[in-house]
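Please keep the sequence and the structure in view while reading.

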Amino acid sequence: MVESDLIIRLWLVRVLEEADFHVVDFDSADRALIHLGRHATGVIMIFTGVGLPGVFDGANLAQVARISWPWVTVVVTQEAGSLSEDLPVDTIVMSKPLEDDGVLASALLAEQRDVLRRTLSS
């Protein structure tokens with residue numbers, strides 16, 4: 001979970017943890033990338049906003065993830081009506097305001113994709 005707004009980040013973490021997902025959260029893509037460099041094999045989804053402080057923003061994070069960890073489902077949130085042209089083609093884009101059901105649906109999709117990937121590779 002990568003979100004610079006603490007209140008939104010805590011809400012998103014709570015929603016996912018209440019559904020039994022293990023969540024690691026960061027306030028910047030820079031910090032998330034450090035974690036991913038060390039622990040990406042255990043990650044099934046990156047959920048990030050577009051606008052983040054630091055060297056990398058959400059679009060940059062999505063691009064690096066697609067190249068470095070192609071099995072990870074990337075979900076990017078943005079303001080309704082805005083368009084980010086820098087996102088990889090298979091990025092899931094969710095418009096704000098977010099709702100619990102949409103957040104959970106994206107996590108369940110990531111989980112199903114991971115199960116399918118593991119099944120096909122074994």
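## The largest pocket

The largest pocket has a volume of about 460 Å³. A pocket is an open set of points on a 1 Å grid over the protein atoms alone, where a 1.4 Å probe fits and protein lies on both sides within 12 Å along at least five of seven lines; lining residues have an atom within 4 Å of a point. Of the 21 residues that line it, H22, V23, V24, V43 and M45 lie nearest the centre. Two or more lining residues come from each of α2 (29–39), β1 (45–49) and α4 (100–121), and α2 gives the largest share, with four.

This is a predicted model, in which local features need pLDDT of at least 70 and side-chain atom pairs count only at pLDDT 80 or more, while totals for chains, interfaces and linings use all residues. Residues are numbered from 1 along each chain as its sequence is written, and side-chain values use heavy atoms, with hydrogens and water left out.

A nonpolar core joins buried (under 20% relative accessible area, 1.4 Å probe, protein chains only) Ala, Val, Leu, Ile, Met, Phe, Trp, Tyr and Cys residues through side-chain atoms within 4.5 Å. In the largest one, which has 19 residues, L36, I46, L61 and W69 touch the most other members. Apart from it lies another core of 15 residues, including V13, V15, F21 and F47.

## A buried arginine

R9 lies in helix α1 (residues 6–18), and R9 counts as buried because its relative accessibility is 10%. The side chain of R9 reaches the backbone oxygen of E3 at 2.6 Å.

Key: Grid points are joined across faces, edges and corners, and a volume is the space filled by probe spheres set on the points. Buried means under 20% relative accessible area, exposed over 50%, partly exposed in between (1.4 Å probe, protein chains only). A polar contact is a pair of N or O atoms within 3.5 Å; within protein, one must be able to donate a hydrogen and the other to accept it, and residues adjacent in sequence count only if both atoms are side-chain atoms.
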